[in-house]
Every structure is written in C-alpha cells, then in structure tokens.
Amino acid sequence: MTIRDSNLKLAVKNCFKPIDKHIVVLEPHLGLGDNLICLGLVRELSQREPNTHFYYACLHRCYHSLAWMFQDLDNVFLFAVKGGRQARQLAGFLNARYMPIGIVGVDIRRFDAFFYEQHHIDFDRRWDNARVPAGPQSEGLYEILNPKNEPYLLVCKTESSPGEYQLKIANPENIKVIEVGPVTNNIFDWSKLVAGATEIHTIDTSFTHFVESELYGRDVMPLYYHLARISNTEFTRRLPWQLVHYR
C-alpha cells in the first residue's frame, strides 16, 4: 500500500468517526511576526487543555524560532508547511479539531487583537505571557557583532520579502551601527543585542513584534519605528516607540 492510498483510506475512515476533541490543528497566519504575537494565545490554549495535543502549522523558515519559543509547552507540536491548505489537510487526516487563528474575517487595522478575541483570550496575555529565554547563540552573536562591547544602534531595515529600506537615522556621535540580518535562523538569538542597544530602529517587520515581547515591562532605550514601509495593516504597540515619518 502506498502512502497516498493509506492517507485516502484514513480520510474515508475518518468521515464515519466523531472528531477527536483531544487533537487540535492550529493554523495561524504564517509570518514570523504573526507567530510571535500568538505566543501568549497558544500558551493560554495549552494551559486550558493540558491533555490536548496541539499541532501548530509554521513555515520552514520560521521553524527554529518557533521551536525555541514553544520549548516549554509539552503539548504543542510544530509541523512545517508550505501553506495553510496543508494544515487543513492534516486536520482531516488526524480527525482533529481545526482551529484557525485569524485566517478569515480579520480586521487588518487591529489584526493582533482579533487573534485573541477569536479565542476569547485576554489581549493582555500577548505581552504578559510573551517572555522567552534568550536564544542559544545570543551570547555568541553579541560577541561576533560587538566584540569590543561598544555602544551601538540596533537597526532592522530589511523585511522578509526581501526588501531593504534606507532609514533616516540621526547619529551625530557616529555610534556603531549593528544591522539585523539573516545571520541566524532563530530570532531569539538577538535577545542580548536587543537588551543592550543604545537605540533601536526598525521598520514594520517581525523584529518589531520581537522587541515588543523582549522589552515589555522593562526600562527601555529610545525606540524608533520607521514608517518607511507602506502597509495596509496595523497592530498594537505598547512600548514608547517614536514614529519616524517618510511622507
């Protein structure tokens, strides 16, 4: 019997069985930033149903970051997909509950709040339960990028598309500039560099959500949110970002 045949037989068999309430397939929006937003939500779901297995869809490029992010959740399991269709297929094959996070009917002007409202979870949990240990290469990355332990500006001007923006950054004292780039496959490896920066500058990208999670509830350095990237979406920022306009 081929894998295809066995999957087909399983799908047909599942048509005659009730949904297994103790297996859930979660389909979030697949961008890394969306997943960072969802950590508090997934932790809450995991704690509400400790005997349920949650299978969480993610893109291959996000896998290492999310595996680190969910490391303390014993009943949450990642599976890599190319798109949401595969998540829905897995729900059928497992005869599981399918649970989207966003996906349909999202208010793009407040999409992060919608994720939590959809599952009746207090939106404050997005920040209150978002802390993650520094990545395994956090110390090493700091040593590589700032070996002399100098003051530095941390700058994220590249999106995942990829696309790069020229940012308006005042730096009269010529402080060292460290740019966020694809030097690691785990965003949490940037934790020490975020914590130690003199200033942080970023465009609308996953790095913004990472900084929100890392620094919320702490004394923070000057933070600059550059509106260089045109986007129709909007989300909540609770850190004291200073907006830098480009029009």
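Contact here means heavy atoms within 4.5 Å, and that is the sense of "touches" in the views that follow. The model shown is predicted, and residues are numbered from 1 along the chain.

**View 1. Serine S65 and the residues it touches.**
Start at helix α4, residues 63-69, which holds S65. Which residues does S65 touch, once those up to four places away in sequence are set aside? They are L32, N185, N186, I187 and F188. N185 also takes part through its backbone: its backbone oxygen lies 3.4 Å from a polar atom of the S65 side chain. With a relative accessibility of 2%, S65 counts as buried, because the cut-off for buried is under 20%.

**View 2. The whole chain, for orientation.**
The protein chain comes to 10 helices and 11 strands. Its radius of gyration is 20 Å, close to the 18 Å that the globule rule gives for 247 residues, so the chain is as compact as a globular protein of that length. Along the principal axes, the C-alpha trace spans about 70 × 35 × 30 Å. Buried residues make up 46% of the 247 in the chain. Among contacts with a separation of 6 or more, 66% come from residues 24 or more positions apart.

F111 belongs to helix α6 (residues 111-118), while F235 sits in the loop between β10 (223-226) and β11 (241-244), so the pair ties together parts that are 124 residues apart in sequence. Are F111 and F235 buried or exposed? Both are buried. The cluster goes beyond this pair, as ring pairs link F111, F115, Y225, F235 and W241.

**View 3. Two charged side chains over aromatic rings.**
R126 lies over the face of W127, at 4.9 Å from the ring centre. For K168 the ring is that of Y246, and the distance from its centre is 4.5 Å.

Going along α3, the buried residues are L39, G40, L41, V42, R43, E44, L45 and S46.

Within helix α5 (residues 84-94), G84, A87 and A91 are buried. These residues cover an arc of only 50° around the axis, which puts them on the same side of α5. What lies over them? The cover includes β1 (20-27), β2 (53-59), β3 (76-81) and β4 (96-100). Just after α5 comes N95, with a positive phi of about 55°. N95 is found in the loop between α5 and β4, and it is buried, with a relative accessible area of 6%.

**View 4. H120, a positive phi in an exposed loop residue.**
H120 lies in the loop between α6 and α7 (125-128). Its phi is near 55°, a positive value in a residue other than glycine. Is H120 buried or exposed? At 68% relative accessibility, H120 counts as exposed.

**View 5. Helix α8 and its buried face.**
Helix α8 spans residues 138-145, and its buried residues are S138, L141 and Y142. Seen down the axis of α8, they fall within an arc of 100°, so they line one face of the helix. The cover over the buried residues of α8 includes β5 (152-156) and α9 (191-196). L141 has a relative accessible area of 8% and is buried. Leaving aside neighbours within four places in sequence, L141 is in contact with V183, T184, D189, W190 and L193. T205, by comparison, has its C-alpha 21 Å from that of L141, at a sequence separation of 64 residues.

Terms used. This is a predicted model: local features need pLDDT of at least 70, side-chain atom pairs count only at pLDDT 80 or more; totals for chains, interfaces and linings use all residues. Side-chain values use heavy atoms; hydrogens and water are left out. Helices (H or I, at least four residues) and strands (E, at least two) are DSSP runs, numbered from the N terminus. Buried means under 20% relative accessible area, exposed over 50%, partly exposed in between (1.4 Å probe, protein chains only). Rings of Phe, Tyr and Trp (its six-membered ring) pair if their centres lie within 6.5 Å; planes under 30 degrees apart count as stacked, over 60 as edge-to-face and the rest as tilted. A charge sits over a ring if NZ of Lys or CZ of Arg is within 6 Å of the ring centre and within 35 degrees of the ring normal. A polar contact is a pair of N or O atoms within 3.5 Å; within protein, one must be able to donate a hydrogen and the other to accept it, and residues adjacent in sequence count only if both atoms are side-chain atoms. The arc is that of the directions from the helix axis to the C-beta atoms. The radius of gyration is taken over C-alpha atoms; the globule rule is 2.2 Å times the number of residues to the power 0.38.
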